[in-house]
Amino acid sequence: MTLKLYNTLTRREEPFEPLEPGKVRMYCCGITVYDYCHLGHARTCIVWDVVRRYLEWRGYEVKYVQNFTDIDDKILNRARQEGISMEEVSERFIQAYFEDMERLKVKKADDYPRATHTIDGIERLVCELEQKGYAYRTNGDVYYCVCRFPSYGKLSGRKLEDLQAGASGRVDLEDPENQKKKNPADFALWKAAKPGEPSWDSPWGKGRPGWHIECSAMVREKLGETIDIHVGGSDLIFPHHENEIAQSEAVTGKPLARYWMHNGMVKVEGEKMSKSLGNFITIRDLLERVEPMAVRLFILQAHYRKPLDFTDEALEAATNGWHTLREGLLFGHRYGEQLGWDPIQENSQSKIQNLLEQRFQEAVDNDFNFAGGLAVLFEITKKLVKEGNLLVHEGKTETPPQELEQQWRTLVELAQVLGLEAEAIEQEATGGLSDAEIEDLIQKRAEARKAKNWAESDRIRDQLKAQGIVLIDQPGGVTRWHRQ
C-alpha cells in the first residue's frame, strides 16, 4: 500500500517519498506565545501529532520540530500591559502550552527552537539574501524584494502583479514602513530597534527579526536545507509560508520542503472565532467541560483539510462516541482475567489482526483519512462491547477468548496511533460505573419496585441512563443491562 497525501504546493495528491528512505524530517509552524492556546491550536497540534504518530507506526523514523515564536508585537504589547518582560510573558505561555498539550496527549516534539535562540542563524540568512541581491536596506530595516524571486506566489497561487495592483489602492503612503519599501508586497527581514523594545546587534544596527525569516532559519538550523514535510494551519499559506519559500530557496537554490500540508480552520457555532464576537475559547476552558479524548476524537472525525465547527451538539456527540470507544479499550482490563488471558504475554499477530490493521492502513493512507481509520476502531469496539455484555449476563461469549484478545490488542494499538488512550482507572475518575456498581444499583431498583416505590425505581433507572447504561426488564423480574 502506498501512502498518498495532498501537497498544497502542487494542488494534488501525491505518493509520499521521503528524501531519505525510512526517515522523515517534519516541521510544524508553532504558536506565538502571548496568550493561552485556543481551539485552532488544538486542531493544528492534534492533527500533526497524529500524522507523526501514523508515520512512525508505518515504520518511519520521524524527526519532528515545532517552533515557538517568542518575539512579536503581540508579546511585547502584553508585556507592556502587565509591566513585565517579554521573556516572562513567553515563558508563562510556553509552560501553559505544554500543560494543555499533555492533557490532550500530544507527544512532545523532538525539538522546540525559539526565535530568540536562533538570532545568529537569522542574521546569517539575511546577510546571504542581501549578498545575492534579494534584500535591501532602508533606515536600519532590511526588506525582501519579492520581484527578484520569479516563482513568488507558487504555494498560494497568487500572482505578484495582482498583489501589487491590489495593494496600490490600500497602501497608506503616510505609513513610515510603506515609505521604506520599493514594492508594497516586499516584507521585513530585519526591523530597526524601537525605544523600549528588546533588540540585538546586527550588521544593520540594533534590531530584531521579522516573523517570516525566523522559521526559515529554524528549519535550516534544525532539519537542513530541504525537509520532507512542512505543516501548519491554512491561514499560514500566505504570506508566511509563501515568504518562507522565497527566503530559503533564494539562498539555497533547493526546495524548502517536498510536501506542504495545511489543516483547515475552525469555527465556533458557525462563526469565525474571535474575541470581539465573544466566542474565543481556549483549550483549558474547553477541557473544563469536555474530556480531552473526546476533543481528540471530535477533531479526528473530520478530514484535516476541511473546516471544523465546534458546536455543543457536535462535542456532545463526540463525548458519547468516546465513551463507547473507551468501553472497547477497557475490555481487556475488565474481562481479560475472566477470559483466561495472560496479562503479560501478547499474542502474535493473527490473520484477523492483520486484516483489521490492513483496513485501517488502507483508510489512513488516503491522505490521512483518520475518520476512515476510526470506523475500523468503532467496528471492533461494537463487537467487544456486545461480547462484554454477554459475558456479564450469560457468563460466556460467542467468540473464542483468544480471538477476542487479538481484537482487543489490535484496538488498543490502533487507538494509540490516533493518540486515544483509556486508562483502567479512568472509569472511576470520570464518574463511570463498574459492573459491580451497576449490579448493585439494579438490585436496589428491584427492591424499590417490590416495595412499589416507583419514584425511587425511576430515579435509579434515570441515574443509570445518564451513565450510558440501558436497562431491559424481562419476564420473571429479571433485568438485563448493557452499555450504550
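1. The three-stranded sheet. In this predicted model, three strands form an open sheet in the order β12-β11-β13, and the pairing is mixed. Strands are DSSP runs of E with at least two residues, helices are DSSP runs of H or I with at least four residues, and both are numbered from the N terminus. Two strands are said to pair if DSSP finds at least two bridges between them. The edges of the sheet are β12 (271–272) and β13 (308–310), each of which pairs on one side only. Strand β11 (residues 266–268) runs parallel to β13 and is joined to it by three bridges. Within this part of the sheet, K267 stands opposite D309 in β13.

2. Basis of the model. Residues are numbered from 1 along each chain as its sequence is written. The model is predicted, so local features need pLDDT of at least 70 and side-chain atom pairs count only at pLDDT 80 or more, while totals for chains, interfaces and linings use all residues; side-chain values use heavy atoms, with hydrogens and water left out.

3. Strands β9 and β10. Strand β9 (residues 227–233) and β10 run parallel and are joined by six bridges. G232 stands opposite H262 in β10. Strand β10 (residues 257–263) is mostly covered, since six of its seven residues are buried. Here buried means under 20% relative accessible area, exposed means over 50%, and partly exposed lies in between, with a 1.4 Å probe and protein chains only. I227 has its place in strand β9, and its relative accessibility of 0% is the reason that I227 counts as buried. I227 and T319 are 92 residues apart in sequence, and their C-alpha atoms are 37 Å apart in space.

4. The largest pocket. What is the volume of the largest pocket? The value is about 1,000 Å³. On a 1 Å grid over the protein atoms alone, a pocket is an open set of points with protein on both sides within 12 Å along at least five of seven lines, whereas a cavity is a set of points where a 1.4 Å probe fits but cannot get out; lining residues have an atom within 4 Å of a point. Grid points are joined across faces, edges and corners, and the volume is the space filled by probe spheres set on the points. Of the 32 residues that line the largest pocket, H38, H41, K74, D235 and L236 are the closest to its centre. The elements that give two or more residues to this lining are α1 (39–57) and α7 (211–223). The most comes from α1, with four residues. The lining of the largest pocket divides into 14 nonpolar, 13 polar and five charged residues. In this division Ala, Val, Leu, Ile, Met, Phe, Trp, Tyr, Cys and Pro count as nonpolar, Asp, Glu, Lys and Arg as charged, and the others, Gly among them, as polar.

5. Cysteines. A disulfide is a covalent bond between the sulfur atoms of two cysteines. The cut-off used here is a pair of cysteine sulfur atoms within 2.5 Å. How many disulfides does a search of the whole structure find? The search finds zero. The closest cysteine sulfur to that of C37 is in C45, at 6.1 Å, which is too far for a bond. C37 counts as buried because its relative accessibility is 2%, and C45 counts as buried because its relative accessibility is 4%.

6. Helix α14. Helix α14 (residues 370–394) has 25 residues, which at 1.5 Å a residue should span 36 Å; the end C-alpha atoms are 36 Å apart, so the two values agree. The expected span is 1.5 Å times one less than the number of residues. After α14 comes G395, whose phi is positive, near 75 degrees.

7. Backbone points to check. Most residues other than glycine have a negative phi, and most peptide bonds are trans. K105, although not a glycine, has a positive phi of about 60 degrees. K105 lies in the loop between α3 (86–103) and α4 (119–131) and is partly exposed, with a relative accessible area of 30%. K452 also has a positive phi, near 60 degrees. K452 lies in the loop between α17 (435–450) and α18 (454–466) and is exposed, with a relative accessible area of 63%. A cis peptide bond, with omega about 5 degrees, joins F238 and P239, and P239 lies in helix α8 (residues 237–252).
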